[in-house]
Amino acid sequence: MQMTLGTQLRHLIELLDGAVQRNYAAMGLAYRPRYTPIMRALMAQEPSSLGDVAQCAGITQPAASQTVALMIADGLIETAPSTDGRQKLLRLSPAGRAIADELRKAWACTAMAAQSLDDDLPTPLTGLLAEAIKALDAKSFDERIRSAQALKNAQKDAK
């Protein structure tokens with residue numbers, strides 16, 4: 001059976017995130033790969049609102065919210081009220097700050113490993129993924145599904 005696009009992408013993420021997770025564990029870090037976009041955003045600019053973190057990280061606000069909740073539970077980030085009290089701001093906790101240098105080292109090695117993977121491929125994965133995102137920004141997958149459904153319906157009606 002041929003794997004579908006979604007299955008292939010999930011499997012690829014499992015392979016990549018699994019290796020990264022094992023590296024964090026080998027370094028003695030209780031840290032998940034999914035935390036990285038949030039951690040990077042807060043390391044670049046804190047305190048930040050959830051919306052600002054999501055935008056900086058390039059993820060949706062619901063995804064950021066779920067990840068932030070996990071990171072708060074793991075003691076890596078904390079919240080503080082904004083100056084006007086209308087929203088909560090996020091910042092690294094002392095524990096989050098304590099592992100920042102080790103994370104930077106891990107990320108540098110991960111980037112080198114990603115480059116090694118790109119070097120082994122006929123088309124670099126990072127470039128291909130950027131192009132796929134650009135194409136989906138131009139025409140969403142929702143639109144593509146609707147177009148496929150319309151085509152299928154037209155083919156069925158033509159019979």
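Okay, a bit of housekeeping. Residues are numbered from 1 along each chain as its sequence is written, and the side-chain values use heavy atoms, with hydrogens and water left out. Since the model is predicted, local features need pLDDT of at least 70 and side-chain atom pairs count only at pLDDT 80 or more, while totals for chains, interfaces and linings use all residues.

Let's start with the aromatic rings. A pair of aromatic rings is described by the distance of the centres and the angle of the planes. The rule here: rings of Phe, Tyr and Trp (its six-membered ring) pair if their centres lie within 6.5 Å, and planes under 30 degrees apart are stacked, over 60 edge-to-face, and the rest tilted. One is Tyr24 with Tyr31, edge-to-face, at 4.9 Å centre to centre and 85° between the planes. The rings of Tyr31 and Tyr35 also make an edge-to-face pair, with centres 5.5 Å apart and planes at 85°. Put together, Tyr24, Tyr31 and Tyr35 form one aromatic cluster.

Are these tyrosines buried or exposed? For the cut-offs, buried means under 20% relative accessible area, exposed means over 50%, and partly exposed is in between (1.4 Å probe, protein chains only). Tyr24 has a relative accessible area of 2%, so that one is buried. Tyr31 is also at 2% and counts as buried, and Tyr35 is buried as well.

There's another ring to look at, Trp107. The charged end of Arg40 sits over that ring, 4.2 Å from its centre. To count, NZ of Lys or CZ of Arg has to be within 6 Å of the ring centre and within 35 degrees of the ring normal.

Now, salt bridges. Side chains of opposite charge can pair when their charged atoms come close. Here that means a side-chain nitrogen of Lys or Arg within 4 Å of a carboxyl oxygen of Asp or Glu, and the count comes to four. I'll show you some of them.

Take Glu46 and Arg97, where the closest N and O atoms are 2.4 Å apart. This pair links distant parts of the chain, 51 residues apart: Glu46 is in the loop between helix 2 (36–44) and strand 1 (48–49), and Arg97 is in helix 5 (residues 94–120). By the way, helices (H or I, at least four residues) and strands (E, at least two) are DSSP runs, numbered from the N terminus. Glu46 is partly exposed at 25%, and Arg97 is partly exposed at 45%.

Next, Arg91 pairs with Glu78, with 3.0 Å between the closest N and O atoms. Arg91 is in strand 3 (residues 88–92) and Glu78 in strand 2 (residues 77–81), 13 residues apart.

Then there's Arg104 with Asp101, also a salt bridge, at 3.0 Å from N to O. Those two are three residues apart in helix 5, so about one helical turn separates them. Arg104 is partly exposed at 44%, whereas Asp101 counts as exposed at 52%.

Last stop: back to Glu46. Most peptide bonds are trans. What is the peptide bond from Glu46 to Pro47? That bond is cis, with omega near -5°. Pro47 lies in the loop between helix 2 and strand 1.
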